[in-house]
Amino acid sequence: PEHPYTIDALSNYGRFLRRKGDVERAEQVLREVLDLNIRVRGPTHANVGTSQANLAILLHDAGRLQEAETEFRAALETYTKALPPEHTSFAPALAGLGRVLIDEGRAGEAVPLLRHATQIATATMPGDSPMLAITRSSLASALVQLHQYDEAEPLLRESLPIVTATQGKGSAVVRQARNAQAELERSRGPRLRDGGSGR
């Protein structure tokens, strides 16, 4: 039960439960994974950061913003101890923290984090990566809240189909992307739906 492969499989199961919408069971599993990783791998191991980030994503989906922010910040602190500063693992944690800040009404604070997440993802991931799409979509959501529509529109247009196809319907990233799309359509007309640039 404490073999690293078992822990990693349990982590995947917890993420599956989150995508399925079973928040209560997913939280139990992801907290167990976090405890196991700390005990087996040590508190500063990168997998501990990943466990913290996975738990934070679930907490955000459940609307528990302060708890989610705490876990995302803990994940970033763990990664800082375990990994080089531009490691690909920073992208989802930075993007997740940015999304929480958006929901807390702190889009201005979110933008630098989301720009950094997008920069890391662009440098370390393939162009069709769901994680790259998530960082771009999250940045677009923050920019829309700040009424920076010109920059937000192409980011959202490119990322929205990938995000909606790969993330759970109840996820915060999909909800934010759809809200940003609706706000853009109100401000610019329904060009995003039609796939046109409107230029």
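**A tour around helix H7**

Select helix H6 (residues 107-124) together with H7, and you will find the two packed at an angle of about 155 degrees with their axes 9 Å apart; helices here are DSSP runs of H or I with at least four residues, numbered from the N terminus, and axes are lines fitted to C-alpha atoms over the stretch in contact, with angles from 0 to 180 degrees between N-to-C directions. This is a predicted model, in which local features need pLDDT of at least 70 and side-chain atom pairs count only at pLDDT 80 or more, while totals for chains, interfaces and linings use all residues. Residues are numbered from 1 along each chain as its sequence is written, and side-chain values use heavy atoms, with hydrogens and water left out.

H6 and H7 are therefore roughly antiparallel to each other (angles over 145 degrees). Next, show the side chains where they meet (contact means heavy atoms within 4.5 Å): the H6 residues include Leu-114, Arg-115 and Thr-118, and those of H7 include Arg-136, Leu-139 and Ala-142.

On the H5 side, select Ala-91, Pro-92, Ala-95, Arg-99 and Ile-102, which meet H7 residues including Ile-134, Ser-138 and Ala-142.

Finally, select Phe-90, which touches Leu-76, Tyr-79, Thr-80, Leu-83, Pro-84, Pro-85 and Ile-120, not counting residues up to four places away in sequence.

Note on methods:
Parallel < 35°, antiparallel > 145°, perpendicular 65-115°, else oblique.
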